[in-house]
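Please examine the sequence and the structure shown below. The paragraphs that follow lead through selected features of it.

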Amino acid sequence: MLVTVSRYSFPYEAHIARARLETEGIPAFVADEHTINMQWLYSNALGGVRLQVPEPYAQAAQAILAEDREPDLIEQQGEETRVCPHCGSTNTEYHQIGRRWAFLVFIGIHFPLFPVQDGIKCRDCGKISAQSDL
């Protein structure tokens, strides 16, 4: 019997987690990926893409998925930080500008218009800046 150990908004996220579990010797399966691929706007309503493992592996899988591997990645690859143009802080994160409006436009006119831009959000001052402003 398969047990759902995690849920994701997009199939690629579930496949990354599946690969992580399989490298540790835990068989894992991705469920509902095709449904979400066809109607990705319904992902949260349907409960997202499910990552499932056999029941005896459930606790080990949840422990592996809960591990924070970011420090290892930063040590190996280095970290590129963007500076906030408003306050000068380097405490920033990636942010998509216009994502909510793209969703509302799709719901309203049933046509995919995606005026989405890449940008950064400052965790200190809360301001959002577009990539073109940087």
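**Salt bridges, a helix face and cysteines**

In this predicted model, R69 and D72 are joined through their side chains by a salt bridge, with N and O 3.2 Å apart. D72 is partly exposed, at a relative accessible area of 41%, and R69 is likewise partly exposed, at 41%. R69 also forms a salt bridge with E67, where the closest N and O atoms are 3.8 Å apart. These residues belong to a network of salt bridges that links R20, E24, E67, R69 and D72. The count for the structure is 7 salt bridges.

Another of these pairs lies in helix α1, where R18 and E22 are 4 residues apart, a separation of about one helical turn. An α-helix has 3.6 residues a turn, so residues three or four places apart point the same way. The closest N and O atoms of R18 and E22 are 2.9 Å apart.

Helix α4 spans residues 58–66, and its residues A58, A61 and I64 are buried. Viewed down the axis of α4, the buried residues lie within an arc of 130°, and therefore line one face of the helix. They pack against β1, α1 and β3. The face turned away from the buried side of α4 carries the exposed residues Q59 and A66.

How many disulfides does the structure hold? It holds 0. For C84, the nearest cysteine sulfur is that of C125, 3.7 Å away. The sulfur of C122 is 3.6 Å from its closest counterpart, in C87, which is too far for a bond, because a disulfide requires the sulfur atoms to be within 2.5 Å. C84 is buried, at 2% relative accessibility, and C122 is buried at 2%.

Note on methods
Residues numbered from 1 in each chain as written. Predicted model: local features only at pLDDT ≥ 70, side-chain atom pairs only at ≥ 80, totals over all residues. Heavy atoms only, no water. Buried < 20%, exposed > 50% of the residue type's maximum accessible area, 1.4 Å probe, protein only. Helix = DSSP H or I, 4+ residues; strand = E, 2+ residues; numbered from the N terminus. Arc of directions from axis to C-beta. Contact = heavy atoms within 4.5 Å. Salt bridge = Lys/Arg side-chain N within 4 Å of Asp/Glu carboxyl O.
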